[in-house]
Number of protein chains: 2
Amino acid sequence: MSQDMMRGHLDGLVLAVLTGGPAHGYGLIDALRDRSGGVFDLPEGSVYPALHRLERAGLVASGWSEAAGRRRRVYSLTAAGRRAADQRRSEWRSFSAAVERVFGAGAAGAASPDAGPAVAS
Amino acid sequence: MSQDMMRGHLDGLVLAVLTGGPAHGYGLIDALRDRSGGVFDLPEGSVYPALHRLERAGLVASGWSEAAGRRRRVYSLTAAGRRAADQRRSEWRSFSAAVERVFGAGAAGAASPDAGPAVAS
DNA sequence: TCCCTAAGCCTAGGCTTTCTAGGTATGAGC
DNA sequence: GCTCATACCTAGAAAGCCTAGGCTTAGGGA
């Protein structure tokens, strides 16, 4: 898997996880790994900056909590964040459907030898 | 649509179009716009560098042709390019399925108020 | 006691890729 | 002659993710 397929999708994925409830950074990495079936194993250097970016944008809010002697910064969605999560999901569906059409059309073209070139003059 | 959702996917899409037959740069832009239902309307400054990158990588080969007095550089897949196209498509499927799981899980979690936080301590 | 690992947080810098914004040239239509 | 569409190209900026570190506390093993 090409690593920067994530580009432009990470924020949406983080928002999607937070839709299920508050989380802290480290746990968010675990959640993304689990829910993606091991496909997304993101380094902390990707996730923490993303969370800070989302907080600056007003889409998530954070607070400190203490658990087992360890400090944790817990992030949760704001109202704007919930709206953004919905929008990101629908943008993803549109993007994904478009990619699927391109891949599908390419394969179909290749399957019919008499169809001529993909792009007419 | 966030424009750099394309990151890391453009090469695969270009290869997919070329799977259907040779194409030149300008026509490739049209093909991507048509097949994606208008979602992908890429500027030339994205496509030409991508084609040159793919050519340097040995995945496409190019040759000049003349049509209606206009010179065209026509790109076609090499054998390695065909293999790469297959691989990109399967990487896309894996990526797409993973994203879908994350979005799906997030929505499911939000639907059950008693489920507790998304990420257990 | 000392060391290593895991859980947690963070940042600086680099790399890659895409877009913006330009440039060139030909042919067709007005 | 002018403009528009076709067709190619490039330099530089912008953005986002990853690499590679650094910090702390807790717990287990030797």
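This is a predicted model: local features need pLDDT of at least 70, side-chain atom pairs count only at pLDDT 80 or more; totals for chains, interfaces and linings use all residues.
Local features are given only where pLDDT is at least 70 and side-chain atom pairs only at pLDDT 80 or more, whereas totals for chains, interfaces and linings use all residues. Residues are numbered from 1 along each chain as its sequence is written, chains are lettered from A and ligands numbered from 1 in the order in which they are written, and side-chain values use heavy atoms, with hydrogens and water left out.

**View 1. The salt bridge between A:D11 and A:R53 in chain A.** A salt bridge is a side-chain nitrogen of Lys or Arg within 4 Å of a carboxyl oxygen of Asp or Glu; 12 are counted over all chains. In this pair the N to O distance is 2.8 Å. A:D11 belongs to helix 1 (residues 10-19) and A:R53 to helix 3 (residues 44-56) of chain A, 42 residues apart. Helices are DSSP runs of H or I with at least four residues, and strands are runs of E with at least two, numbered from the N terminus. A:D11 is buried, at 13% relative accessibility, while A:R53 is partly exposed, at 39%. Buried denotes under 20% relative accessible area, exposed over 50%, and partly exposed in between (1.4 Å probe, protein chains only).

**View 2. The salt bridge between B:R53 and B:D11 in chain B.** The closest N and O atoms are 2.9 Å apart. Because B:R53 lies in helix 3 (residues 44-56) and B:D11 in helix 1 (residues 10-19) of chain B, the pair ties together parts 42 residues apart in sequence. B:R53 is partly exposed, with a relative accessible area of 39%, and B:D11 is buried, at 14%. In chain A, shared partners join the salt bridges of A:D30, A:R33 and A:D41 into one network.

**View 3. The protein surface near DNA strand D.** A residue is near the strand if one of its heavy atoms lies within 4 Å of it. Sugar and phosphate make up 58% of the atoms of DNA strand D that come within 4 Å of the protein.

**View 4. Side-chain contacts with DNA strand D.** An N or O atom in the side chain of B:E44 is 2.5 Å from a base nitrogen. Strand 3 of chain B gives the most to the surface near DNA strand D, with 5 residues.

Terms used. A polar contact is a pair of N or O atoms within 3.5 Å; within protein, one must be able to donate a hydrogen and the other to accept it, and residues adjacent in sequence count only if both atoms are side-chain atoms.
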